[in-house]
Amino acid sequence: MTEASKVYPPSKEFADNANATIEMYQRAEADPDEFWAEQARRLDWAKPFEQVLDWSNAPFAKWFVGGELNVAVNCVDRHVAAGKGDRVAIHWIGEPIDDTRDITYSQLKDEVSRAANYLASIGLVAGDRVAIYMPMVPEAVIAMLACARLGLTHSVVFAGFSAAALRSRVDDAEAKVVITTDGQFRRGKPAPLKEAVDEALGTGDDAAPSVEKVIVVRRTNHDANLNWVHGRDVWWEDTVAEQSPEHTPEAFDAEHPLFLLYTSGTTGKPKGIVHSSGGYLTQAAYTFHNVFDHKEGRDVFWCTADIGWVTGHTYITYAPLANGATQVIYEGTPNSPDEHRHFQIIEKYGVTTYYTAPTMIRTFMKWGREIPDAHDLSSLRLLGSVGEPINPEAWRWYYDVIGANRCPIVDTWWQTETGGHMIAPLPGAIATKPGSAMRPLPGISASIVDDKGNSVPDGEQGYLVLDRPWPGMLRGIWGDPERFKETYWSRFAEQGWYFAGDGARYDEDGALWVLGRVDDVMNVSGHRISTSEVESALVAHAAVAEAAVVGAADETTGQGIVAFVILMEHATPGDELVAELRQQVSVDISPIAKPREINIVPELPKTRSGKIMRRLLKDIAEGRELGDTSTLVDPTVFEAIRAKKN
Ligand code: 6R9
């Protein structure tokens, strides 16, 4: 096993000052309802809730029954009212150097109020849907909060998605408004964005039936006037910016749908995951405070995600702002203009808490430690990881090189569907282990079971299930309650458990290892091998920067393991290296896990959220036509991979 038995306890200093305590686990276990009620009181309620959880119509949950709140007020106004209006909420950093904006909580309140006033003025009412298709500009967060303020349900569509992807999401949600920008910066160059909206929304008979208005923020000064539809299209600068900064908010029911976020399933069209207001914000606020050990007025938080995926929703827009945090939002890519950009930002803004994905860390490893070493990163005190299992090799590099052996790493397992962190170490309260998400957070209950729902012994792989409801849980799939039940609740219907779709195991010390999607668990000659375990073994070799592994159909063994690897700059490709890599896997895991095929490739296909699209690699490995590539950052990567493979 590529599994470090070494445990990393927190430093005494960190532990002494940590927000979280070990006692929280017991307290939550003893009375989960009371524990969650206590967490909900982190928020300002216009009307207090009467009941913590109503699970009588499971799996349709109601949390904080009878309570009313305004999410935007909780994220913005209440901090201003508490005298923190001059605190910076957002250090916004544009991709072009020196294109920056600092936005205080007072300013944010004015901006959100203006946007809310405009959206109300065009007739939108609570419950209407608004699509947001924007790059990482402050107006994206402002637009989300303006929707929340009015009880409009937003649906953010990642600005890297195609026009077709946008259209299907707009139609499914019947969005009345689309908020976008003229263009966006991509690796130093401006690229059009409004054009994609025009293409998506169509004209004449083909026009998206629900859309009444398109609001365009000026970002790149692209000539967005080209296809301007009079009556439909307006500039943000001419409309929102003209509004009054005063807006009186209304409170909404705790269960009011705050947003939809589309996520792709294994089959079929994307699902619009529905999130609530009170429960979602409670979990966001609670986890941010404890998992990121947030110290108000002192920390500078930076989550490198895009708002187009759930990490950006929860840990850029809602959780930091609900906690009155100061955060960095960066518009650009990590190598624009060069590979120093992230480290320059950490240094310049004194970032204390940095939250990114394993793929980013492996990319930094590939670029070499000289780059971070050239910067003063001593402001950092906590590091986070999210999105996929982090291989121990990358964990240790993150710990040593970025964290200078000083910063706890929180490996946070959660999903679009869970709303916020679910399995992660509480820093300062428990030790960490490279590659393990450690244990469910206080208030969260998970188990690892076989097909029939029996707990599997420690050390063995099983299915990860959540056996108790939690406040941030999805409330459904937009417009499709049957699919909601079928996708998440049918596998263990008898027990009433949520099936997460991930494989996991507990190790001998009781630490939980998430092994990736169960569809990523391969079956080779009857042996269950996780793609991420083989990837970890490959990446542990000094020549390998990044690896992706898929199970390809094999006549004799059921599945055969096919690996795609990116080499370190200094490595020499060739048969000898391939033999070494196979040997490495054989030694690290077992000869059964030895890849049938190792392809050395220049790049891997990834979504903007940093996930390797194994489904597509599988298509290549099995010699099929490629499936849907619409969610890829750079679909041309395939040409390069195919060229190498053939
Ligand atoms: C937040 C987010 C969810 C899937 C999830 C799992 C994988 C996320 C992980 C992790 C191992 C972690 N995943 N975090 N696997 N360790 N710390 O990523 O949401 O885009 O919905 O993906 O990502 O497979 O089921 P989402």
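I take the radius of gyration over C-alpha atoms, and the globule rule is 2.2 Å times the number of residues to the power 0.38. With 646 residues, a compact globule would have a radius of gyration near 26 Å, and the chain's 24 Å agrees.

I noted the ground rules next. This is a predicted model, where local features need pLDDT of at least 70, side-chain atom pairs count only at pLDDT 80 or more, and totals for chains, interfaces and linings use all residues. Residues are numbered from 1 along each chain as its sequence is written, and side-chain values use heavy atoms, without hydrogens and water.

I looked up the fold. Buried residues (under 20% relative accessible area, 1.4 Å probe, protein chains only) make up 63% of the 646 residues. The C-alpha trace spans about 70 × 60 × 50 Å along its principal axes.

Then I turned to the second largest pocket. A pocket is an open set of points on a 1 Å grid over the protein atoms alone, where a 1.4 Å probe fits, with protein on both sides within 12 Å along at least five of seven lines; lining residues have an atom within 4 Å of a point. I read a volume of about 950 Å³, the space filled by probe spheres set on the points.

I found 42 lining residues; Arg187, Pro334, Met360, Thr363 and Lys606 lie nearest the centre. Helix 13 gives the most, with 6 residues; helices are DSSP runs of H or I, at least four residues, numbered from the N terminus.

Where does this pocket lie? Domain 1 (31-74 + 105-285) and domain 2 (525-644) both give lining residues, so the pocket lies between them. The domain bounds come from an automatic or database assignment.

Key: Helices (H or I, at least four residues) and strands (E, at least two) are DSSP runs, numbered from the N terminus. Buried means under 20% relative accessible area, exposed over 50%, partly exposed in between (1.4 Å probe, protein chains only).
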